[in-house]
Amino acid sequence: MRRVGIVGLGDMGMGMARNIINGGFPLTGFDLREARLAELELAGGTRAATCREVGASSDAVFVMVLNGDQVKEVIFGDGGLVEGLSPGATIIVSATIHPSEVKQLVAPLAGKDIHLIDTPVSGGKSGAEDGALTMMAAAKPEVLEENREVLDSVSKVVFHVGEEIGQGQTVKAALQALIGTTFAAVFESLVL
């Protein structure tokens with residue numbers, strides 16, 4: 001049984017956390033808000049005081065924060081995940097960030113023998129709460145399969161979109177563009 005971590009317990013992250021716990025995985029989490037850490041404990045998870053503590057307690061860690069700068073801080077900042085993770089562990093970037101930002105993580109993590117899955121999600125808060133997210137995962141096939149059960153605990157479907165880190169974020173951007181233009185067309189039709 002893989003030990004799982006999560007950093008970022010907002011609406012999406014908290015829903016994911018509950019499903020990871022319900023999937024039977026031991027979960028350690030971190031958030032800047034005390035109320036979210038207390039909510040995690042009530043759900044059966046373990047709170048951490050730093051991202052480093054999450055890493056030290058985990059084989060795979062979801063990073064579900066707001067932007068690329070926060071992703072970098074969580075991973076490489078003072079008290080970051082890399083200070084606690086063991087070689088062979090996996091960071092799962094489920095936040096939606098720019099493809100170039102996730103690509104910048106590859107070399108420094110490879111130098112520490114830490115695997116990376118680039119997998120932004122679609123489905124919103126309800127998808128996170130229901131364990132029905134859609135994941136667009138870019139990773140080496142063996143890394144994806146090693147973490148398949150963990151990913152399945154929060155998702156309805158995991159699309160393997162390629163091995164090159166950044167492809168997950170690119171597919172998510174294409175999906176957002178398609179949805180945005182569809183909404184615009186529907187709204188224009190309603191106006192007419």
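**Core**

I first looked up the largest nonpolar core, which has 54 residues, and those with the most contacts inside it are Val 7, Phe 62, Val 71, Leu 81 and Ile 91. Such a core is a set of buried Ala, Val, Leu, Ile, Met, Phe, Trp, Tyr and Cys residues joined through side-chain atoms within 4.5 Å, where buried means under 20% relative accessible area, exposed over 50% and partly exposed in between (1.4 Å probe, protein chains only). Helix α1 gives the largest share of this core, 5 residues.

This is a predicted model, in which local features need pLDDT of at least 70 and side-chain atom pairs count only at pLDDT 80 or more, while totals for chains, interfaces and linings use all residues. Residues are numbered from 1 along each chain as its sequence is written, and side-chain values use heavy atoms, with hydrogens and water left out.

I then noted that Val 71 touches Val 63, Val 65, Val 93, Ala 95, Ile 97 and Leu 105, leaving aside residues up to four places away in sequence; contact means heavy atoms within 4.5 Å.

**Helix pair**

I found that helix α1 (residues 11-22) packs with helix α2 (residues 34-43) at an angle of about 20°, their axes being 10 Å apart. The two, α1 and α2, are therefore roughly parallel to each other, a term for angles under 35 degrees. On the α1 side the contact is made by Asp 11, Met 14, Ala 17, Arg 18 and Ile 21, and on the α2 side by Arg 36, Glu 39, Leu 40 and Ala 43.

**Ala 110**

Last, I looked up Ala 110, which lies in helix α6 (residues 106-110) and counts as exposed at 54% relative accessibility.

Note on methods:
Axes are lines fitted to C-alpha atoms, for helices over the stretch in contact, and angles run from 0 to 180 degrees between N-to-C directions. Helices (H or I, at least four residues) and strands (E, at least two) are DSSP runs, numbered from the N terminus. Angles under 35 degrees count as roughly parallel, over 145 as roughly antiparallel, 65 to 115 as roughly perpendicular and the rest as oblique.
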